[in-house]
Amino acid sequence: MKNFIPEDGTLLPLMEEFYTIQGEGFNTGKAAYFIRLGGCDVGCHWCDVKESWDADLHPLTPSDEIVKNATQYPGKAVVITGGEPLLYNLDYLTNKLKENNILTFIETSGAYPLSGSWDWICLSPKKFKAPNPSIAQFANELKIIVFNKSDFAWAEEHALLVGPNCKLYLQPEWSKANEMLPLIIDYVKNNPKWEISLQTHKYLNIP
Ligand code: SF4
């Protein structure tokens, strides 16, 4: 049976939540509480959280409960990820987190319009479902997952859409890292507006 998810964002399909270290992008190395919401229709064939795709498999959880859990830890930042978290209205959740002095970071493919109140927006567009054009201007960070050589040109197309202060990252797709990293290193040396992002949590063996 399909879950009825209210549009006011007071209930969200929660796949998992855990306190860890942000492993990738600008906030690498910072302690953060991860909130992974279920549901994604982007369909990346290399996705490493395919179990997130079906929102109905994940329990509808009161946003107030998620906020209460997030406040239990010394690190006062959350990363809201998925799945694709912008399938849902995140205004309620993020406003409550901010009322509790917690910084709000999001990881999104940008496939849906932006909701929520954010301290850091990581836009990681995917070829499989075009990002909503309204999001790029708000991105603090553009993170392109490099799976093959053609992804460099695709990265440049998206870099034209973000604001001048947006950080630009190239990150090898995990299963192709050995093959793509030498290309990424050369690319960044020749195009230093880009930086390298690595999935350091996988090297550290933490979630
Ligand atoms: S957007 Fe993220 S969660 Fe969705 S299929 Fe792609 S990698 Fe997986």
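## Pocket

On a 1 Å grid over the protein atoms alone, a pocket is an open set of points with protein on both sides within 12 Å along at least five of seven lines, while a cavity is a set where a 1.4 Å probe fits but cannot get out; lining residues have an atom within 4 Å of a point. Grid points are joined across faces, edges and corners, and a volume is the space filled by probe spheres set on the points. The model is predicted: local features need pLDDT of at least 70, side-chain atom pairs count only at pLDDT 80 or more, and totals for chains, interfaces and linings use all residues. Residues are numbered from 1 along each chain as its sequence is written, and side-chain values use heavy atoms, with hydrogens and water left out.

The largest pocket has a volume of about 790 Å³. Its lining holds 37 residues. Nearest the centre of the pocket lie Glu24, Arg36, Asp48, Val49 and Thr81. Helices (H or I, at least four residues) and strands (E, at least two) are DSSP runs, numbered from the N terminus. At least two lining residues come from each of β1 (11-21), β2 (31-37), β5, β7, β8 and α5 (200-204). The most come from β1, with 3 residues.

By class, the pocket lining has 14 nonpolar, 13 polar and 10 charged residues. Here Ala, Val, Leu, Ile, Met, Phe, Trp, Tyr, Cys and Pro count as nonpolar, Asp, Glu, Lys and Arg as charged, and the others, Gly among them, as polar.

## Cavity

A search of the whole structure finds 1 cavity of 30 Å³ or more. The largest cavity holds about 40 Å³ of space. Its lining is made of Gln22, Glu24, Gly25, Asn27, Phe105, Ile106, Glu107, Trp120, Cys122 and Glu141. The most come from β5, with 3 residues. The cavity lining divides into 4 nonpolar, 3 polar and 3 charged residues.

Glu107 deserves a separate look. Glu107 sits in strand β5. At 15% relative accessibility, Glu107 counts as buried. The cut-offs are under 20% relative accessible area for buried, over 50% for exposed, and partly exposed in between (1.4 Å probe, protein chains only). The C-alpha atoms of Glu107 and Cys122 are 4.9 Å apart, though 15 residues separate the two along the chain. Leaving out residues up to four places away in sequence, Glu107 touches Gln22, Glu24, Val79, Ile80, Thr81, Pro85, Cys122 and Lys143. Contact means heavy atoms within 4.5 Å.

## Helices

At 1.5 Å a residue, the 14 residues of α4 (residues 177-190) should span 20 Å. The expected span is 1.5 Å times one less than the number of residues. The end C-alpha atoms of α4 are 19 Å apart, which agrees. Ala177, Met180, Leu181, Ile184, Tyr187 and Val188 of α4 are buried. Seen down the axis, these fall within an arc of 135°, so they line one face of α4. The arc is that of the directions from the helix axis to the C-beta atoms. An α-helix has 3.6 residues a turn, so residues three or four places apart point the same way. On the other side of α4, Asn178, Glu179, Lys189 and Asn190 are exposed. The buried residues of α4 pack against β7 (141-146), α3 (151-159), β8 (167-172) and β9 (194-196).

In α3, 7 of the 9 residues are buried. Its cover includes β7, β8, α4 and β9. In α2, Leu93, Thr94 and Leu97 are buried. They cover an arc of only 90° around the axis, which puts them on the same side of α2. Among the elements covering them are β1, α1 (63-70), β4 and β5.

Most residues other than glycine have a negative phi, and most peptide bonds are trans. A cis peptide bond joins Gly82 and Gly83, with omega about 15°. Gly83 is in the loop between β4 (77-81) and α2 (91-99).

Asn101 has a positive phi of about 60°. Asn101 lies in the loop between α2 and β5, and is exposed at 64% relative accessibility. Asn205 also has a positive phi, near 60°. Asn205 is in the segment after α5, and is exposed with a relative accessible area of 72%.
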